[in-house]
Amino acid sequence: MSSIAVIGGTGFEQMTDFAVESESATLTPWGRASHPALRGRIGGHTLWYLPRHGRPHHLPPHRINYRANLWLLREQGVQQVIAINAVGGLRAELQPGQLLAPSQIIDYTWGREHSYYDGEETGLEHVDFSFPYSAKLRSKLLLAAAACGEDCIDGGVYAATQGPRLESAAEVTRLHRDGGDVVGMTGMPEAGLARELGLNYASLCLVVNPGAGLAEQPITLDAMREVLETSASRVSAVITRLLAAAERG
């Protein structure tokens, strides 16, 4: 059984060349997950896959049951999670199509169930979140990208916003001033919950648009979808290369 799972984001409700062999239930002690966890093979390698927004895509970022999703994957024996995140670039050089593996995160979300430790049935615990992403898994991700000939930026700060609307130009200025490099809507509480469950977690970000006010042209959903469509096979290739390396040990 594979201990590696991918959580797919917007535009990645299904992975290129992923052949499903079985699926889990969706009900967990924390409610229903976005979708059954799918066990299958890609490039001859076994993988668990979970579409974060459901399939078809219908769950907005603030209504995803992140607790159920992460719990469900752990119930399948998953130990390593790679999150695929479509993001906006907060620096001029981060253009659509750029890949980035963030090393830090700032949480601007609110009102989401962000912990398993609710102080009631599960008690109260505090986890160290100094370095939100697994250094070892990030390294594997970067090596896999390099082996595929992809320019994947090592490090950066993911600014997690509430959504589902995109940011204003003033908000983008603030996020950049705060130290953010990319902005997305699903990085938290997913990363924090993975840490609470003891899962190794890393993110592969795909820039799909410049942040508001950073380009002369307006942001359009059609342009974002085009980047997602043309980059899906690139992301799948990186994941496949990572799986191959993991099987070799």
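A crossing counts as left-handed if the near helix is turned anticlockwise from the far one by less than a right angle, and as right-handed if clockwise. This is a predicted model, where local features need pLDDT of at least 70, side-chain atom pairs count only at pLDDT 80 or more, and totals for chains, interfaces and linings use all residues. Numbering starts from 1 along each chain as its sequence is written, and side-chain values use heavy atoms, without hydrogens and water.

**Helix pair.** Select residues 135-147 (helix 2) and 221-248 (helix 5): their axes come within 8 Å and cross at roughly 115°. Helices here are DSSP runs (H or I, at least four residues; strands are E, at least two), numbered from the N terminus. Axes are lines fitted to C-alpha atoms over the stretch in contact, with angles from 0 to 180 degrees between N-to-C directions. The crossing is right-handed. Now show Lys140, Leu141, Ala144, Ala145 and Ala147 of helix 2, which meet Val238, Arg241 and Leu242 of helix 5 (heavy atoms within 4.5 Å). Six of the contact residues are nonpolar, none polar and two charged.

**Largest pocket.** Next, select Thr10, Ala86, Leu166, Met185 and Met224, which lie nearest the centre of the largest pocket among its 27 lining residues. Strand 7 (80-89), strand 12 (182-184), strand 13 (200-210) and helix 5 each supply at least two lining residues. The lining divides into 12 nonpolar, 11 polar and four charged residues.

**Second largest pocket.** Finish with its lining, including Tyr108, Trp110, Arg165, Leu166 and Glu171.

Technical notes
Nonpolar A, V, L, I, M, F, W, Y, C, P; charged D, E, K, R; others polar. 1 Å grid on protein atoms, 1.4 Å probe; cavity = no way out; pocket = protein on both sides within 12 Å on 5 of 7 lines; lining within 4 Å.
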